[in-house]
Amino acid sequence: MKEIKKIGVLTSGGDAPGMNAAVRAVVRTGIYNGLEVYGIRRGYQGMIEGEIVLLDTDSVSGIIHLGGTILQTARCKEFFSFEGRKKAYEQLMLSGIDAVIIIGGDGSFTGAGIMSKEFDIPFIGIPGTIDNDLYGTDYTIGFDTALNTVVQAVDKIHDTATSHGRIFFVEVMGKEAGFVALQSGIACGAEGILIPEEKGDLNKIRKYLTDRARRKKSSIIMVAEGEDEGGAISIANKMKEEFPDFDIRTTILGHVQRGGSPSAFDRIIASRMGKDAVEALMDNQKSIMIGVVNGEIVHVPLSKTVKLHKMVNMELLEMVDILS
Ligand code: ATP
């Protein structure tokens, strides 16, 4: 295998707090080991357009606490085509890049897997997405911060809900997975949680509103945006019709969930994953994702992370029924 001397690092897909800590770790570990590290700006878009800059130790100073990504990110249509990926490969060759570390979600890893089969360039993935929906890792970078952001916001909503005796349907991110809704719901003491992984759960909410809200008055129901009943607004409208005596409100937390300074937990896993990704490349590994399972760093084939589905722990959902 070719000796790795120059590596590229990029962030792709949705931004997530802690991506900067991972970029910093990649750059510093690379330089420590005598490699040249190049930042590829704006994800695959920047790769195609040759936005590739040499990074030194100072270029990643003072970024560990910053949300977003200093490299910027993008969703790139052109990369879906062979022609787009060919352009990207040619740009990597022009800069003399031997291998690429990609920080992103399953879409980004799918693209990396396809490109590394078409062209002889090793890719290593670092899971960076607030959704925590990647198979093979207990945590993705950004999930813990997003969770804490949601909890802080819902605690505030809770004050109003209690003061006015209202029922709030709070919609959080998670188009295909309910990890944010489930975990934040538990942490906020929500009375109900609606996630894409559980079908037909609206009847549970009906039952809850019939039996319990009459006594308890205020309630928080967490709704993942990909929930199959059509999101918090549509569910709240249905419930308003069925329970006209209740004061039902909706809050959509939206993009506040993505931003903000990363939590200590996210900074630490990002640093560990970034360091390990560089070491794995130097060990001639490729097409793997760096994950963390039971607190230990693990290597998972990229193909598995995109093909296999990470399951939510349904026992936690059952627990919510007991605790509410
Ligand atoms: P997040 O979980 O935050 O949404 P993600 O990495 O899953 O992150 P996507 O928008 O799905 O985000 O993918 C990011 C980019 O990866 C896409 O814009 C595209 O450039 C590339 N990509 C995704 N899927 C493919 C694919 N099947 N083939 C080639 N490239 C892909």
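Mentor: Please keep in mind that this is a predicted model. The lining of the largest pocket draws at least three residues from each of domain 1 (6-142 + 262-307) and domain 2 (144-258).

Trainee: What makes a residue part of that lining, and how many residues are there?

Mentor: A lining residue must have an atom within 4 Å of a point of the pocket. The largest pocket is lined by 36 residues, and G13, G14, R75, D106 and G107 lie nearest its centre. Its volume is about 880 Å³.

Trainee: Which element gives the largest share of the lining?

Mentor: Helix 4 does, with six residues. Both helix 4 (106-118) and strand 6 (167-172) supply at least two residues of the lining.

Trainee: How many residues of the lining are nonpolar, polar and charged?

Mentor: There are 10 nonpolar, 15 polar and 11 charged residues. Gly counts as polar.

Trainee: Why are strand 3 (52-55) and strand 11 (296-301) called edge strands?

Mentor: The open sheet has seven strands in the order 3-2-1-4-5-10-11, with mixed pairing. Strand 3 and strand 11 each pair on one side only.

Trainee: How do you know that strand 10 (residues 288-293) and strand 11 pair?

Mentor: Pairing requires at least two bridges between two strands. Strand 10 and strand 11 have six bridges, in the antiparallel sense, so the two strands count as a pair. V292 stands opposite I297 in strand 11.

Methods. Residues are numbered from 1 along each chain as its sequence is written. This is a predicted model: local features need pLDDT of at least 70, side-chain atom pairs count only at pLDDT 80 or more; totals for chains, interfaces and linings use all residues. Side-chain values use heavy atoms; hydrogens and water are left out. On a 1 Å grid over the protein atoms alone, a cavity is a set of points where a 1.4 Å probe fits but cannot get out, and a pocket is an open set with protein on both sides within 12 Å along at least five of seven lines; lining residues have an atom within 4 Å of a point. Grid points are joined across faces, edges and corners, and a volume is the space filled by probe spheres set on the points. Helices (H or I, at least four residues) and strands (E, at least two) are DSSP runs, numbered from the N terminus. Domain bounds come from an automatic or database domain assignment.
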